[in-house]
Amino acid sequence: MGDNEMNRCAMVLLLCGAAVHSFRFDELIKYVDDHQEEYVQMNRCAMVLLLCGAAVHSYRFDELIKYVDDHQEEYVQTLREWVAVESDSSDVTKRAELYRMMEMVGEKLRKMGGKVELVDIGEQQLPDGSSLALPKVVTAQFGSDVNKPTVCVYGHVDVQPALKEDGWATEPYNLTEINGNLYGRGASDNKAPVLAWIHAVEAFKALDMDLPVNVKYLIEGMEETGSNGLDAMIESQKSSFFSDVDYIIISDCGWLSKRPALTYGTRGNCYFFAEVEGPKQDLHSGVYGGTVIEPMTDLIGILDTLISPSGTILIPGIRDAVAPFSDEEWKMYQDIEFDVESYREKIGVEQLMYNNKVELLAHRWRHPTVSIHGINGAFSAPGTKTVIPAKVTGKFSIRQVPDMDPAVVEKQVTDHLHSVFAKRKSPNKLTVKMIIGAKPWLADIKHPLYEAGKAAVKRVFNVDADMIREGGTIPIARTFQDVTEKSIIMLPIGGFDDGLHSQNEKMSRYNYIEGTKMFIAYLQEVAQIKKD
């Protein structure tokens, strides 16, 4: 079929709808035939314009990439300045540093021309009864074109505690580059990813290029201690700041291996205190040992009924709500790049619970687990002390997976512990409290947000992204989902070996710079998503 015939057919099809409602169909056909040469020329022009647009689009992307490469030393320096701020949200004596960190974030976004606000989220109640102002949440907006989708980038700039004497090879608050790795507390969690998102928008602004989407930022300073005040702030701004947001992006996670990844799920967490109280004060084991039923013995006894040596959870009904492991999911796990032996060696253990990759990943991501974390009230200092503690509190958690409900788990755990405690016939008193009840989060990997993510990864890294889940808990994802009802994606750039929360935390220069490029590509891919 020649060009003329193809264009004639297209025009006829276009007019068919009108023809159905008219008795002049033959006239329409004759009109098309009489003007087909004109249509051919018009379609050629249209195709040239389309191709030119594609060429310009490609050229401009290359220009953005070059800008990032040319400014990477500046990006590293900015990260160095941010890491130097000891924004430890768990240490109230460093709260001034945290306030300064939030001001720095606001000023950076303000200099880029963003509409910036530092939102007051109230006060933190301290154990001694006093209160302290929470660090303000930074919000910013770039662009308000109603014809473009709007994304909201979430991040945090507070960090975990860090001291050189904890085992760091470098000063934790002095960003140090060694063999392409940028070592410093908060480098990967989460200052570099936040800066990469800022650099992505900054590149468009510097080159006087229109952003393909509207971009909003929400940056907090209390994530490491539970995001105090943030849930209420999100709820209060549901119909204002979030009203025009289409998608929410979180980059507070990492890859599983050297292959880039997209994260589509996290486990929740139910954290419990089990307190056993006996005598009115601590007792001398030589004087009173053998005459009293000791709270520590009771506590160890009931904690031993939570999990078997092979890792099976022994709490009745705890797995009833766990979503079945589908064949499709099994196949996806099978295709993920992950080396079991390297994982074992990195941890430094002789044996793992599972030697099969799929089983190991499944129990890390999508099965519930019990972990016993510690006992408060017990003697733990160096040396010896022959004491019988009067009151001890065991701390343990159960990671939640779809479709578990923390309220149900709380009852199951409480009923189980009281049941086994009753069988001991102890005169001591047991109290069980759930301190944290965070729900799991799971996204639809077939959503266009994830298709856009795959395309962005392919464009920058030239590989297919692994689709992974996180074994840990990122409560803000579920909060965003439940409160704003927006679609969410986790788009990590952190490496699998970055050492989050540990000594020698780092972000590789490669991930930092290439991650910035990937964020640029992602914004362009999201712009292609058709609104519902």
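Guide: A salt bridge here is a side-chain nitrogen of Lys or Arg within 4 Å of a carboxyl oxygen of Asp or Glu. By that rule, the whole structure has 24 salt bridges. This is a predicted model, where local features need pLDDT of at least 70, side-chain atom pairs count only at pLDDT 80 or more, and totals for chains, interfaces and linings use all residues. Residues are numbered from 1 along each chain as its sequence is written, and side-chain values use heavy atoms, with hydrogens and water left out.

Visitor: What makes Arg469 and Glu329 a salt bridge?

Guide: Their closest N and O atoms are 2.8 Å apart, and the limit is 4 Å, so the pair qualifies. Arg469 lies in strand E18 (residues 466-470) and Glu329 in helix H10 (residues 327-334), 140 residues apart, so the pair links distant parts of the chain. Helices (H or I, at least four residues) and strands (E, at least two) are DSSP runs, numbered from the N terminus.

Visitor: Why is Arg469 called buried?

Guide: Buried means under 20% relative accessible area, exposed over 50%, and partly exposed in between (1.4 Å probe, protein chains only). Arg469 has 7%, so it is buried. Glu329, at 10%, is therefore buried too.

Visitor: How do you know that Glu107 and Arg110 are separated by about one helical turn?

Guide: They are three residues apart in helix H5 (residues 95-111), which means about one helical turn.

Visitor: Why does Glu107 count as partly exposed?

Guide: Its relative accessible area is 35%, so Glu107 is partly exposed. Arg110, with 38%, is therefore partly exposed as well.
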